[in-house]
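Me: I am new to this protein and would like to be walked through its fold, step by step.

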Amino acid sequence: MKNFLFIVTLVGAGLFPLLIGTSCSSSSPTGGGMYGGGSPIPTSTPGPAAAVTISAVFGSSYQFSPSTATITHGQSVQWNIATIHPLNIDDGSGTCLVSGTTAFPYTYTFMTAGTYHFHCGVHSSCGNGMCPNPTTCTGMVGTITVN
Ligand SMILES: [Cu+2]
């Protein structure tokens with residue numbers, strides 16, 4: 001019993017810095033500008049399985065399905081859409097967090113509560129609000145609410 005408690009203590013102590021590291025790393029990509037730092041092409045955020053998977057529906061118009069989702073901060077959303085529809089994700093105030101990725105399936109982990117918009121780079125664009133450019137905005141936009 002004494003050995004068991006010792007092992008649990010070690011595992012607990014080992015996980016704590018790991019969790020701190022995960023939450024800290026989420027703020028670093030915004031520090032260096034859109035293309036600052038490492039790879040210029042955004043890659044999927046590693047982490048647990050996505051809470052929501054979003055695909056594209058190609059009917060009489062192009063749309064995301066679902067176009068809205070609500071998750072808890074720390075959860076991920078996966079986009080699995082055709083590569084001719086590059087994905088942009090913005091922070092709801094116009095700052096593009098992900099710009100034009102076509103590396104699907106693409107998973108993004110939302111670490112901070114807020115309202116985020118995602119757009120097809122052809123049929124919409126990053127910006128302030130759902131349809132920052134009404135000329136190109138044809139409904140291929142959506143909203144992620146992060147609590
Ligand atoms: Cu599109």
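Some questions and answers on the fold follow.

Reply: This is a predicted model, in which local features need pLDDT of at least 70 and side-chain atom pairs count only at pLDDT 80 or more, while totals for chains, interfaces and linings use all residues. Residues are numbered from 1 along each chain as its sequence is written.

Me: How many helices and strands does the protein have?
Reply: Helices (H or I, at least four residues) and strands (E, at least two) are taken as DSSP runs, numbered from the N terminus. From that end the elements run α-α-β-β-β-β-β-β-β-β-β, which gives two helices and nine strands.

Me: Which strands stand at the edges of the open sheet?
Reply: The open sheet has five strands in the order β3-β9-β8-β5-β6, with mixed pairing, where two strands pair if DSSP finds at least two bridges between them. Each edge strand has a single partner, so one side of each is left without a neighbour in the sheet, and these strands are β3 (68-71) and β6 (96-101).

Me: What is the bridge partner of isoleucine 89 in β8?
Reply: Strand β5 (residues 87-90) pairs with strand β8 (residues 114-120) in the antiparallel sense, over four bridges. In β8, the residue bridged to isoleucine 89 is phenylalanine 118.

Me: What percentage of the 147 residues in the protein is buried?
Reply: A residue is buried if 20 or more other C-beta atoms lie within 10 Å of its own, exposed if 12 or fewer, and partly exposed in between, with C-beta atoms placed from the backbone. By that rule, the buried share of the 147 residues is 21%.
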